[in-house]
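I opened this notebook to record how two chains of the model meet. The entries follow the order in which I looked things up.

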Amino acid sequence: MTKIVVPGELVANSPQGMEFAFVENGKTYSSILGLFDEANPKLIPLEGAYIPVQYDIVVGIIEEVKFAGYNVDINSPYKGFLSAKDSRYEYELGDVISAKVREVDEVKNVDLEGARKLVGGEILEISSAKIPRVIGKKNSMLDMIRAAARSEIFVGKNGRIWVKGGNSALAVRAVLKVEKEAHTTGLTERISAFLNEEVNK
Amino acid sequence: MEKPKLLIDGKRCDGRAMNELRPLKIQAGVLNKADGSAYIEWGGNKILAAVYGPRECIPRHHASPYRAVIHCRYLMASFSTLDEHGRSGPNRRSIEVSKVIKEVFENVVVTEKFPKTAIDIFIEVLQADGGTRCAGITAVAVALADAGIPMRDLPCALAVGKIENEIVVDSGKLEDNYGDGDMPIAIAPRNNEILLLQMDGMFTKDELRKAFELAYAAFPKINALQVEALRAHYAVKKDEVGL
Amino acid sequence: MEILDEIKKDYIIDLMKKNKRPDDRGYLDYRPCTVEKGIFESAEGSARVKLGKTQVVAGVKIEMGTPFKDRPEEGVLSTTAELLPLASPTFEPGPPDECAIELARIVDRGIRSSNTIDLESLFIEKDKVLMVFVDVYVLDHDGNLIDASALAAMAALLNAKVPKIEEGKLIKAERIDNLKITQKVVTCTFSKIGSQIVLDPRLDEEKAMSARLTLATTPEHVCAMQKGGKGAFTSDELINLVDVSFEKGNELRKLLD
């Protein structure tokens, strides 16, 4: 049974090294509002800002062009930095890119690499806590939306989703539906039904 | 104004027993743009709490390399009391209240997870009926959780008052204005530690002891409503999708 | 600055674990404290308090004014605190910040809630009351500004004389009666450092503390309290500090005689 837990709620009577939890006096408590499954003890946050982690793929916006590289807005309290040495192209203010987080140091300087410019299309911003549901198990959700909308969709771990071509309006609506219902069960079936209905309209 | 009678036939002026809370309603996630929000109605209090962050700390020299800094702004709307039209913007009282509320959340928020950032807390008292800082704290805890900000606990708060020689919980505005003492307390319900404590009035040691006793008996009720508000916010969405 | 503070903090917390304070005081001892009354002629009342190396002065001015609309038969008490930039490198010029406001409001709360000044006795005639302004100036900051300020404010009030009143006007040059003071309110401020609770923290101890707690007392009652800082206290700790505050408060009250 998956249940909603709140900050400070007991999730285990023994110390557990769980993400989004903390241990006090030998017991484990959730530090977040999230979903908790006792059978598979893991905390899944329902909300929260994007905090970059090494190897995350993100969608960024060039925010400042500097001599040594670019400051990149990655929908996070922390800015990304893309070194000019590491980028094959010259970017301009406002360019949308996909990039990989190469490294995050202890004071949260975020180095990006492997940037690619995303031309045209549109950008959606959703809570980064819900990105795993947009992708689905083994990409299932994302593949389903891609197939139905025939759109190019690029999903950043940071809550930004780039959509281009095909029935992009449908893709956007599907993603927003996933975001809104992210914490519910039977989501895949519902989205599948929704997409079928819309495509056959 | 003549001092109103605050105790009538062993009951309080609004008919409550000494240890009885006023009606209390909390709703999570009421604002669209804020990262987290909550609305509380407690007696005649109507208060909105909103949270932004963690986000870039402005001004930047306020930022800490060790942790997120918490900013808190508690304000009362110019129309929030029956008194004359209030001046908008912070005054000495609201600046002090903002500071002590901020300290409550510095205790429980896992700030070390977000160095260099700021978490901004806003409390807007739209209608005031005594105990606004306590209602504000109770709402902010829900708003922070709704924002996905990690915390070690969900603080809640309550004002205990003294009327003549009685100790009462959850003083209303009349009791606050004409009573003989007021003691707002905020705690971390998991370990019962005191995170905010203020008091004015004349209390003996035994009265203080009694005040804590009554407050600690009431805190679990308030905390349960906070948890319920958070669960309901997500359960409501379940209903929307027909589950 | 912040990094240096973190290092010093670890040192102080370590010291506490070894049952020591940086200046070898007992946990519940005040630093040497002196109170001088009547140090300025310009004010109706004044005092200087030295608490260890912390130094504050307080002035009382008494004016004629109009009462608050909701309290037409009471005089007015106003308390402020100035954290002067000359007192510490961390104090900045400008309007009072949250720390100065909190300090003033704690001092005010103790005096007000205990009716130390009988505000009704300041009523002169309809729409005319005496206004008592208590202003605390911090001159040198070495910790525990609250107790030093409350003591200075109380001493200045005890020292204050009310000017002569003729035809509803104050004759400032002639100070006659003492301001009517019903009792002596003092505050005791405790710091929690690690798990230890100490009275009268020095500045270095304040930097290491997780929280502080102030109890304002008259001989029989606790008349105001304020917790500060991000740390926490238990209700047992607090109740235990009540008796300490009465006992230590009596020591401070003696300094006011």
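**Chain B against chain C**

I began with the strands: S11(B) and strand S12 (residues 222–228) of chain C pair in the antiparallel sense over four bridges. Strands here are DSSP runs (E, at least two residues), and helices are runs of H or I of at least four residues, numbered from the N terminus; two strands pair if DSSP finds at least two bridges between them. I noted B:Asp200 opposite C:Ala224 in S12(C).

The model is predicted, so I kept its limits in view: local features need pLDDT of at least 70, side-chain atom pairs count only at pLDDT 80 or more, and totals for chains, interfaces and linings use all residues. Residues are numbered from 1 along each chain as its sequence is written, chains are lettered from A and ligands numbered from 1 in the order written, and side-chain values use heavy atoms, without hydrogens and water.

Next I looked up contacts (heavy atoms within 4.5 Å). I found 34 residues of chain B in contact with 41 residues of chain C.

For buried area (accessible area, 1.4 Å probe, lost when two parts are put together, summed over both), I read about 3300 Å², 55% of it on carbon and sulfur atoms. B:Arg92, B:Met202 and B:Lys205 supply 20% of what chain B buries against chain C, more than any other three residues.

I then listed salt bridges (a side-chain nitrogen of Lys or Arg within 4 Å of a carboxyl oxygen of Asp or Glu). There are seven between chain B and chain C. I looked up B:Lys102 and C:Glu98, whose side chains meet in a salt bridge at 2.8 Å, N to O.
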